[in-house]
Every structure is written in C-alpha cells, then in structure tokens.
Amino acid sequence: MTLTIAREGSVAVVTIDNPPVNALSQALRQALVGAVVELDADAAVGAVVLICAGRTFIAGADVSEFDKPPQPPHLPDVVACIENAKKPWIAAIHGSALGGGLEVALGCAYRVAVPTASLGLPEVKLGIIPGAGGTVRLPRLIGPAAAVDLVTGGSPVGGKKAEGLGLIDAVIDGDLRAGALAFAGSLAGKPLPQPISSRAVPAVEPDFWESVEKAVAAKAKREVAPLRALASVRKASETGFSGAMAFERETFLELRSSEQAAALRHVFFAERAAPRPPELAGITPRDIRSAAVIGGGTMGAGIAAALRDAGLPVVLIERDAAAVERGLDNVRAIYEGSAKRGRMTQALADERMAGVDGSDDYGLIADTDLVIEAVFEDIAVKRAVFEKLSAVCRPDAVLATNTSYLDPNAISGGVSHPERFLGLHFFSPAHIMKLLEIVPTAVTAPEVLATGFALARQLGKIPVRAGICDGFIGNRILKVTRAQAERLLLSGATPSAVDAAMRTFGLPMGPFEAQDLGGLDIAAFQRKAARERGETPFAPVADRLCAIERFGQKSGGGWYDYQPGDRAPKPSEAVAAIIAEEAAGRSQRAWDEASIADAIVLPMVNEATRILEERVALRAADIDLVKIHGYGFPRWRGGPMHYAEARGLAEVAAVLDRLSAEGLAEPPCDGLRRAAEAGSFSVLAGR
Ligand code: 3HC
Ligand code: NAI
C-alpha cells in the first residue's frame, strides 16, 4: 500500500495505491489520517484531490479484516477527519466507490466522477450495513427516499445517475485527474461548503417509513441486513447526527459478527476464487472470438443469447430449415422478452439478434473458435453431431457438450483431437442463470479447461469444475433432494408441508412445486436410464404420477392440481391417495418445518461430501456455489456446505444417524464422519 502526495500549484493530489481494489486496510486508514494532518498544516495547499491508482477508486472496507476485531483508526473517524479538514477535499472517482469507499467520498467536500464510475453501498449484500456514516450522511445529501433505495438494495448507480441524484457534483468526461484539478481550481476563493454531517435531512411524507418498511421486508424475506439498514436511515432522519452515527456503528458491529454476514462473506470470496482455480494458474486459454451452438431448443437458444450478450457472433445449427427457423424464433423470443421487460432497449435487442446466424449447414462453422452442442439428450444423436463437427471444424476449435447426465467421455469417443473436448453444463434459462459446470474428460487439455473458465468470465458466469458422474455436482445432489422429499411423503408429510418448509428455509420454491414447474418427465427419463444401468432410484410416487401422465403444470397436474390458466398449486386428492397407498405399512410421524428441512438439506450435505471425497468437486465452496447459483439455495446461508459447517458437522452427523435409524436417510458417509471429527470439510479437500 502506498499513499503519495503530489503538488499541482496550490492543489495537493493524494493518490492511493493499494491493489487490487484500494480496499481500506488499517494501513490505508492510518495513512489517510496522516495526509489530512499534513495537508492541514501546509499553508501552500488550497484544495486536495483524492484519487486512486489502478482499476478503481476505494472499493470499500477490507472485507478480509471482518473476521478480526476492528483496529484503529476506525473508518468513521477517518471520514470525520477528512470532513473536518481545513482544506476542501475532492474525491475523484473512477471504477467503483463502494461501501467504505463511498463513505470516504461523502466525507469529502466535493465528489467528481467519470461517467463509467459506479457508486453505491453494497453492504447489505455482505449481511451488514454501512459502518462509517453511509446511512447517516446519504439521506442528508440526496434525501431519504433515494438513500433508502441505495442502502437497502445495495446496487450501485453510474456516474450520470449519481449526478442526477446529487450524489456527485460533476461528471468528468475525459482525463479524471485533469478534470478534478480543474474543478479544484474553480473553488479558489470560495468558502468551504457546509459539511454533510451538519445538513438537515429533508422531510418525508407521513406514511413513508411504514410503506418502505413493508416493501423492504417483502423483498428481504429472511435476510436481516436490509431492514436493519433501513432502520439506520430512519434513525438518521429522526435524530441528530451523532446519535444516528452511534446507532449505525452499533448495528454495523453487531451484524459484522452475525451468521448471515459470515455466510455472505464466504460466498463473496468463493465467487471471486471460482474463476481462477489454482490448478490452472499460468495456463493460457485459447482465444474465443466466435461461437456456434448446435440445437436451438430451450438450452441452445439460451446459450446462443448468453454468447451474444458477451459480444460473440453466433451461428445456430439445427437439423433442417424448419428447425432453424424455430431455433431463431426461440432466440428472438428471449430478446423480445428482454426488451419488453425493459432489460434492454429494442435497438440493442435487434443488434444482438442480428448477430445470430441460423443454418443447417455445418460448413458455416469451419472456422469457428467454440462450438457448444445442445441437441437431444441421446448419446447416438450427440455422437453423430460430434462426428460432423470433427470433420468440419478447425482442429484447434474447442468442442463442448451441454449434456445433463450423459458421460462426456462416451460422447467424445469419436472426436478427432479429443483433447479439445469438454462439458459445459449451463442451467436453464441459460442466458440468466449464473452457474456453469465445467466438466473435463479424461483427456481434456489443460488449456481447453482454462478456456472453459475464461469463457465463463466472458459470459459473466460463475464457473465450477465438476468431475464425471451421473448428474455432475448439481443434478447428483438434486436426485437426493427429490428422493428425500418422497421419503417424507411416505412417513406422514404432505407435498404442501414439504414445499412450505423449504420456502421457510429460504429456497424460492419447494421441491414439489419446482418439479411441477420443470416437468416430471425429464427426471422419469433419467430414472429409466439409471434402472437400465442396474441402479435403483427411489421415486415410488413420482413414478406413479408419470405413469398416469401427471407431468406437472404443462399437463394440468403433477404433484398438485392446476386450474386452467392458473399456476397456483392446489393440493390434489388423487396424489394424496397415491401417497397413502405407497405409505401403507410404513410408520408415520409428525413433521415440523425444521425437521423437514433437516431431512432434506442434511442428506444433500452427505451426498455433497461423497462428491468432495470422490473429487467430483475440488472444494466444498464450489459445491456451495453450485447450489446457490444453479438451484436457488439461499445465499445468506452460505450454501449447504457452509451451512453444515456453521451448524456443526458433529450435529449434522448425529441428525443423519437419527434419520437413518428411522429409515429416513442414509447414514453419514465416512468422509462426513471424518469431517465431523475435524470440525471442517477441509480435511477432505485438496487430498
Ligand atoms: N475487501 C477485500 N478484498 C476485496 C474487496 C474488499 N472490499 N473487494 C474486492 N476484493 C478482492 C477480491 O477478493 C479479489 O481478490 P483476488 O484477486 O485475490 O481473488 C480482488 O479484490 C478483485 O476483485 P474482483 O475479482 O471482484 O474484481 P472486479 O474488478 O471484478 O470487481 C469490484 C471489482 C467491483 C470492486 C468488486 O471486487 C466488488 O464489488 N468488491 C466488493 C465491494 C464491497 O462490497 N464493498 C463494501 C465492503 S463493506 C464496507 O465497506 C463496510 C463499510 O461500510 C464500513
Ligand atoms: P430441446 O428438446 O428443447 O432442444 C433440443 C434441440 O436440438 C431441438 O431444437 C432439436 O431440433 C435439436 N436437434 C436435435 N438433433 C439435432 C441435430 N442432429 N442437429 C442439430 N440440432 C438437433 O432440449 P433442451 O432442453 O434444450 O436440451 C438440450 C440439451 O441440454 C440436452 O442434452 C439436455 O440434457 C441439456 N440440458 C437441458 C437443461 C434443461 O433444463 N432443459 C439444463 C441443462 C442441460
């Protein structure tokens, strides 16, 4: 970390250089206080520009310090010190001014930023609230309504929007340093502006707080931080500055050591580690400048859109001319939907669509860098596609399959240069879902694997490396979730009770509602294949529902009944009768929500532990990312593995032992017992 001070006439330029993101480490906080003292004492200095080296302004407090006790100087004191400086400080912002970074800027007398800058208070996304005056100064500067949006939503705003809100004083087009110096020059002879801390908070409508409280609570569900952040903004509007600061700091320190904050921090660092696995360090990926997708169905169309959104030209190959038209229509529907929902302008949607070429002629992709296959889940169809690709594509083109359950080794059997082949498992809808499972075969070259990770970065996805097994990481765990959900039904629970319990746990949807939405037939097809392999998947009720063509919403009924045109699930007497028949002779028990969640989540953890032991996943945190980004596992619980560790692995093993004694789950696997003894999954990872 360096903090340097340069002179440009009467303006001092304080430059922070603390890579990678100029986070406010203890050393930086100390240096900022030192700079204020030094420049206050220098009569030749009329104004101070605070600017950062590297890719960004101060991106916030140093999150890696949050597990330790706070060290002085504390950030609120640093901000106060800048605010009380005798010379006007001007924050010159590029990149991100987030959290503590924005709070430092709010301590400055003025703020200027480039149009591409992003400014915000993302603390709630880390399970905390701003801790250095963000909730107290912001309503004084931009009014309570805009402050509530920024503080409780956690999303940043761009430079132009910030100017509109009054968050910054000027947008600098062109060179930021020069623009900030000119701005500083224009202040000569002017009095210092009133510090934000001594400004009044604009009044609000009488029912303002009650109505935003309702809206924030509804959105936050069981996340604690957004409502606590709101309470802090409200306090700032209803009490004096110092009382509000004390309230904010107390809440910040309390939440900083909360379970939710620890979980969200875990996910924050896991997400940042995911794109750069240490085992691929130093390996250069292949360049991807063009892409093709084979198959324009649900997945192919979504993948094509994801590739287009990353700026790649895309060719969509289908079986025949009519299928090409259908495939292009599927992609068009995605862009029309995006434009309709205001996610992009119609012009942008048109431009994206114009970059998708459709054809049934493989000759068109002879020079394409990356080809992703998303045809029917049928090994013969897939192998035939790769035979054609082997014949037409450049030998260094990367070839990928989006298979869900088939063995990529088997798919790639006849591929020429098989080292360029890998699995890229997208999740539906592929242009929205963040997860990308990357599945190397036995012979995938390291630079091809690295290309998969680089592609994920290009697409803005979270990559997780998965080994080959039935369902890779995510769908393998999903099978256990579903089997457990059925076990519950046979021992006294109902579909509605199970779904409600899982929603209470934090999932957006319970396992039965989710199956009705996606369709029961896909899993039935996969169970059939498993039985042909000699496996014995457990789905007695689902099998009977499929036998009478209750496939879910699309067939008017599945686990629930549906009225035409109404997606609201209604408990089904027909399903209840099937459950009763299948449950005959089994012991029944009462289920409360917590025990239902245990009987589903802890067996997931058990399966995930096997996945870790078998090195299908390399890190427990990778499994957490899969469940959060592919299956809606609540982020604030940190993913199943973090949840299990936080709860105590010995307790997890004990609950599984009890469930297993009742015939309601498998006993803890060896790996889980070992991890329970050690208190952490780290004994299994990295072997
Ligand atoms: N503290 C510590 N490390 C941080 C950090 C932070 N606030 N923000 C980013 N990093 C680290 C990342 O872990 C990563 O480390 P690695 O290279 O060793 O993996 C590195 O910086 C680069 O991060 P990204 O890969 O995320 O870089 P990008 O360029 O894609 O994004 C960013 C940059 C937009 C600044 C993004 O990193 C980000 O959103 N950071 C978090 C910002 C944040 O949440 N700030 C608020 C912190 S809480 C706070 O300030 C409390 C205060 O109110 C008291
Ligand atoms: P889909 O049935 O919607 O689409 C398949 C498309 O492939 C059809 O448009 C069909 O015309 C085309 N096709 C078939 N044979 C072809 C050939 N020889 N050449 C060119 N095109 C051909 O299927 P969906 O759901 O898109 O699945 C595709 C693949 O993605 C499957 O392997 C599936 O397991 C996998 N997958 C599916 C997910 C989902 O949620 N639907 C999630 C992740 C992966």
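Which residue in S13 stands opposite Ile294? In this predicted model, the residue opposite Ile294 is Glu373 of S13. The strand concerned belongs to an open sheet of 8 strands, and the protein chain as a whole is assigned three stretches: domain 1 (2–257), domain 2 (288–465) and domain 3 (474–683). Between the C-alpha centres of domain 1 and domain 3 there is a distance of 45 Å.

**The open sheet**

- The strand order is S12-S11-S10-S13-S14-S15-S16-S17, and the pairing is mixed.
- Strand S12 (356–359) and strand S17 (462–465) form the edges, each pairing on one side only.
- On average, neighbouring strands of this sheet are turned by 25° against each other, with direction ignored.
- Strand S10 (residues 291–294) and strand S13 (residues 370–373) run parallel and are joined by 4 bridges.
- In general, the strands of a sheet pair through backbone hydrogen bonds, in either a parallel or an antiparallel manner.

**Helices on the sheet**

- Helix H13 (residues 321–340) lies across strand S11 (314–317) and S12, and runs at about 160° to S12.
- Helix H15 (residues 379–392) packs on the sheet, where it touches S10, S13, strand S14 (398–401) and strand S15 (421–426).
- The direction of H15 makes about 170° with that of S14.

**The H4–H5 helix pair**

- Helix H4 (residues 134–142) and helix H5 (residues 144–153) pack with their axes 7 Å apart, at an angle of about 140°.
- Because of this angle, H4 counts as oblique to H5.
- The crossing in which H4 passes H5 is right-handed.
- From H4, the residues Thr135, Leu138, Pro139 and Ile142 meet Pro144, Ala146, Ala147, Leu150 and Val151 of H5.
- The residues of this contact comprise 8 nonpolar, 1 polar and no charged.

- As a general rule, most peptide bonds are trans, and most residues other than glycine have a negative phi.
- Pro19 and Pro20 are joined by a cis peptide bond, with omega at about 5°.
- Pro20 is placed in the loop between strand S2 (11–17) and helix H1 (26–40).
- Asn22 is likewise placed in the loop between S2 and H1, and its phi is near 55°, a positive value in a residue other than glycine.
- A cis peptide bond also leads from Pro72 to Pro73, with omega near -5°.
- Pro73 lies in the loop between strand S3 (47–52) and helix H2 (75–83).

Conventions:
Residues are numbered from 1 along each chain as its sequence is written. Chains are lettered from A and ligands numbered from 1 in the order in which they are written. This is a predicted model: local features need pLDDT of at least 70, side-chain atom pairs count only at pLDDT 80 or more; totals for chains, interfaces and linings use all residues. Side-chain values use heavy atoms; hydrogens and water are left out. Two strands pair if DSSP finds at least two bridges between them. Helices (H or I, at least four residues) and strands (E, at least two) are DSSP runs, numbered from the N terminus. Axes are lines fitted to C-alpha atoms, for helices over the stretch in contact, and angles run from 0 to 180 degrees between N-to-C directions. Contact means heavy atoms within 4.5 Å. Domain bounds come from an automatic or database domain assignment. Angles under 35 degrees count as roughly parallel, over 145 as roughly antiparallel, 65 to 115 as roughly perpendicular and the rest as oblique. A crossing is left-handed if the near helix is turned anticlockwise from the far one by less than a right angle, and right-handed if clockwise. Ala, Val, Leu, Ile, Met, Phe, Trp, Tyr, Cys and Pro count as nonpolar, Asp, Glu, Lys and Arg as charged, and the others, Gly among them, as polar.
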